[in-house]
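The following report concerns a predicted model, shown below with its sequence.

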Amino acid sequence: MIRVLLVRWSRYNPYYLEPEPRKEVYHIPETELTPEQKEERELKSVRPIKAATNSVTSSVFNDPVLSKFVNMMMKDGDKIIAKGIITQTLENMKRKQVEKYHKAPEVKKAEIECNPYVIFHQALENCKPVIGLASIQKGGKFYQVPIPLTDNRRRFLAMKWMITECRDNKHRRTLMYEKLSQELLAAFSKEGNVVKRKHELHKMAESNRAYAHYRWW
Amino acid sequence: AFENRLAFRAQVRPLHGSGCGQQQEAVGMETRPETFSIFRTQENNPACQSEQHLGQYYTVPPSHFHTVFPHGLPPRYQQQVKTFNEGCVMVRQPALELISHLKRADYSKPTLRYLLYGVKGSGKTMSLCHAVHYFSKQGWLVLHIPDAHLWVKNCKELLPSSYHASRFDQPIQASNWLRNFRTTNEHFLSKIKLRQRYVWTKRESTEEGRPLGELVDMGVSHVKSSSDVVGAVLKELRLQAWGTEGGFRMAVAVGVNGLWGRTTLKKEEKSPVAPEELTLVHNLRKMINNDWCGGAVIATLSQTGSLYAPSSAYLPQELLGEEGFDSMDPFVPVPVSLYSEKEFESCYLYYLDRHWLQHPHSQTEEGKKELIFLSNRNPSVLERLCAFL
């Protein structure tokens, strides 16, 4: 058995540079480089570079949002199972949509979206809350104050809600990928429990408008 | 002889490089211009297909689909048929070779046995189903046993056989198989008459001269004696194969390596059951022996369901074992290889046409190169990759 020394998560000397996994960057010919890019290339030829993580690929099918979702779904570091669930989900969604597409009359065909990646991204967009609540202490009591959320926080909340919804509210016999594909398709058409949860958060924020000036940032 | 049976519709065959881009547009704009698609062919009859159609997909008409293939198709292919709303099979070299041998064989001599072998996922079961479609079109009687592995593992009920003291019966598997056999061969069941009297219990017996359909119905309804019914059916077919009203037979079996080797079944005393002690396996082995004439036996090796065999084994010697190889010997080996470049192109275009490849990058040249690299042109690996892309 070959033992692999895990080097990526050890602390690197700041002297080391980040790796560049995308192929397009290396295909630009010499003439079209801007001066900054030329400088960067010269720097890279001199300095040492960190090892790339296992999750980044130079493949054209690499999707950072999907990788983040896979990582969030992973339990006990078992990425194979998490990735397997996500691929089965995408396949399931595509199958349902393609079946509907082939059986639909010509007029309706243009409206049916068959691309599982588009459905996934759109569903996640529909689940992202616009405004969030924070617990702020004022005068001994804690108030739920509406605050703006960063992009990362919104994405995180959407994914978290999706995963907890699919883990908790499903029938004992339904498999994860089946439930996940149902929820994603529902969120794509703005129905379903996750979108409902987002709307409830918005309503709470709206009802607590009065406390908005407790926020000092 | 195939040159006489060329398809009369001339196919438009542009070069691969410049043709591909135009074809995709053409297929997208028009509804179904069959003569313009490089990967489809109009020739739906396997008997008339020749090397000209290599790499092209032909459609099995939906009306025949459920009668010809009640069982026997790989499960992922069945899902694909349901999704795409049509059943398309690719015309490949091993299947064509097999069909050409079958056309020229002499059926008054003892049966020839053909063995399809190849790496895991290279298309053996699909070639077998292609051959089965050819047989049903020719009007032969098809004895399609989808997987002998289903009979040697995961059996819930093992009854001691009533006919022979030391053997074991499997009622569920036998009755399932009889039901599917009845669906495939409806029209033969009334024509064939029994030549012997079979006694099932003290009160029930089937007389000489009754049609085979009655025997099969009895087997399906009386689940306990279904394994013996299967044995009787196989024996009758063997005896009557040659000569009666041009009723040719053939036997088709997949996962033949399950008939030899070990089983996972155990008797009540926890001692393992050898395959000879199962009635179904015993009768099937008699069928595969070439002591009858008037038909052909086409077998496939399958590593997927096989027990106690390493996953890299695909050659007949390794999977059949000593005993199996000696009983199958002599046979005609038919190797099934991975997709060639042309077949890969054809498969890729078919998926594009059916709106299966949805990822925008998978429709570019880069994505295609990546698919070739990741799947190594293995049909089943490619299918699994394209499923989520």
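## Arg113(B) and its surroundings

Apart from neighbours within four places in sequence, Arg113(B) is in contact (heavy atoms within 4.5 Å) with Ile288(B), Asn289(B), Asn290(B), Val297(B), Ser327(B), Met328(B), Asp329(B), Pro330(B), Phe331(B) and Val332(B). Arg113(B) belongs to strand β3 of chain B, residues 112-118; helices (H or I, at least four residues) and strands (E, at least two) are DSSP runs, numbered from the N terminus. Arg113(B) counts as buried because its relative accessibility is 2%, where buried means under 20% relative accessible area, exposed over 50% and partly exposed in between (1.4 Å probe, protein chains only). A polar atom of the Arg113(B) side chain lies 3.5 Å from the backbone oxygen of Pro330(B).

This is a predicted model in which local features need pLDDT of at least 70 and side-chain atom pairs count only at pLDDT 80 or more, whereas totals for chains, interfaces and linings use all residues. Residues are numbered from 1 along each chain as its sequence is written, chains are lettered from A and ligands numbered from 1 in the order in which they are written, and side-chain values use heavy atoms, with hydrogens and water left out.

## Chain B as a whole

Chain B has 15 helices and eleven strands. Of its 389 residues, 53% are buried. Among contacts in chain B with a separation of 6 or more, 73% join residues 24 or more positions apart.

## The interface of chains B and A

The interface values are set out here.

| Property | Value |
|---|---|
| Residues in contact | 24 of chain B, 18 of chain A |
| Buried area | about 2,100 Å², 57% from carbon and sulfur atoms |
| Salt bridges | three |
| Residue pairs in polar contact, both at pLDDT 80 or more | twelve |

Buried area is the accessible area (1.4 Å probe) that two parts lose on being put together, summed over both. A polar contact is a pair of N or O atoms within 3.5 Å; within protein, one must be able to donate a hydrogen and the other to accept it, and residues adjacent in sequence count only if both atoms are side-chain atoms. A salt bridge places a side-chain nitrogen of Lys or Arg within 4 Å of a carboxyl oxygen of Asp or Glu. Glu91(A) and Arg76(B) form a salt bridge through their side chains, at 3.0 Å from N to O.

On the side of chain B that touches chain A, the elements giving two or more residues are α3 (75-84), α14 (365-375) and α15 (379-388) of chain B. The largest share, six residues, comes from α3(B).
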